[in-house]
Amino acid sequence: MLTAIAAALVFAIVWAGTRTPAIALADVRRTQVLHARAALAARGLVSSAVERPDVAVPAGSVIDQQPIAGTAVHRGDRVRLVVSSGPPLVTVPEPRGRSYAEARAALARLPLASTFEARISGAPADTVLAEDPQPGAHVKPGSAEMVVISTGPQPAFDGYGGYDPGAGPAGRQKHGRFAPGAGENGGGVGGD
């Protein structure tokens with residue numbers, strides 16, 4: 001029994017003698033991750049990093065550290081860094097088929113730079129036709145987004161530059177000329 005106590009005492013003395021003196025862990029929060037890791041390595045500490053979105057802390061900067069600053073650490077101890085990946089990504093919504101007013105209201109709540117473009121189409125006027133980027137895409141806040149809105153079918157013209165609301169698809173004209181495919185036998189007169 002006395003031998004076991006003596007052996008434990010010798011082990012404790014040897015182990016304590018080989019352990020480096022404790023140092024207070026520096027606060028590396030709000031610094032760029034490369035600088036933080038270099039500062040920790042210079043003190044003989046091993047670091048690891050994980051990313052997490054954060055609106056307040058710029059991408060690449062340390063948000064948090066474990067153990068916390070001021071904790072007594074020794075050479076070779078591990079420090080876990082939480083690094084900002086920047087603001088969380090925005091998921092592009094699906095506005096197709098909605099009215100312009102509905103789409104504009106929904107997009108106004110998101111941090112996107114939305115622009116709207118009107119196009120002639122067979123879809124009802126004031127209806128969202130498409131958007132870029134595609135719905136479901138994950139983009140950075142402030143990204144540009146183009147939303148295409150239908151103005152309805154192309155208006156018909158009377159052949160003299162005036163609008164003919166009674167003309168059907170076969171009589172549609174463009175800029176005072178018959179559109180390709182319009183007119184008798186499907187042939188255009190003075191087509192584009």
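Which residues make up the largest nonpolar core?

A: This is a predicted model, in which local features need pLDDT of at least 70 and side-chain atom pairs count only at pLDDT 80 or more, while totals for chains, interfaces and linings use all residues. Residues are numbered from 1 along each chain as its sequence is written, and side-chain values use heavy atoms, with hydrogens and water left out.

The largest nonpolar core has 11 residues in all: Leu25, Val28, Val33, Ala36, Leu40, Leu45, Val62, Val73, Val79, Leu81 and Val83. A nonpolar core is a set of buried Ala, Val, Leu, Ile, Met, Phe, Trp, Tyr and Cys residues joined through side-chain atoms within 4.5 Å; buried means under 20% relative accessible area, with a 1.4 Å probe and protein chains only. Helix H2 (33-42) and strand S5 (78-84) each supply at least two residues of this core. Helices (H or I, at least four residues) and strands (E, at least two) are DSSP runs, numbered from the N terminus.

Leu40 illustrates how the members meet. Leaving aside neighbours within four places in sequence, Leu40 is in contact (heavy atoms within 4.5 Å) with Leu25, Val28, Leu45, Ser47, Val79 and Leu81. Apart from this core lies another, of five residues, including Leu107, Val128, Val147 and Ile149.

In soluble globular proteins, nonpolar side chains tend to be buried together.

Strand S7 (113-119) and strand S8 (128-132) stand at the edges of an open sheet of three strands, whose order is S7-S10-S8. Each edge strand has a single partner strand, so one side of each is left without a neighbour in the sheet. Two strands pair if DSSP finds at least two bridges between them.

Technical notes. Buried means under 20% relative accessible area, exposed over 50%, partly exposed in between (1.4 Å probe, protein chains only).
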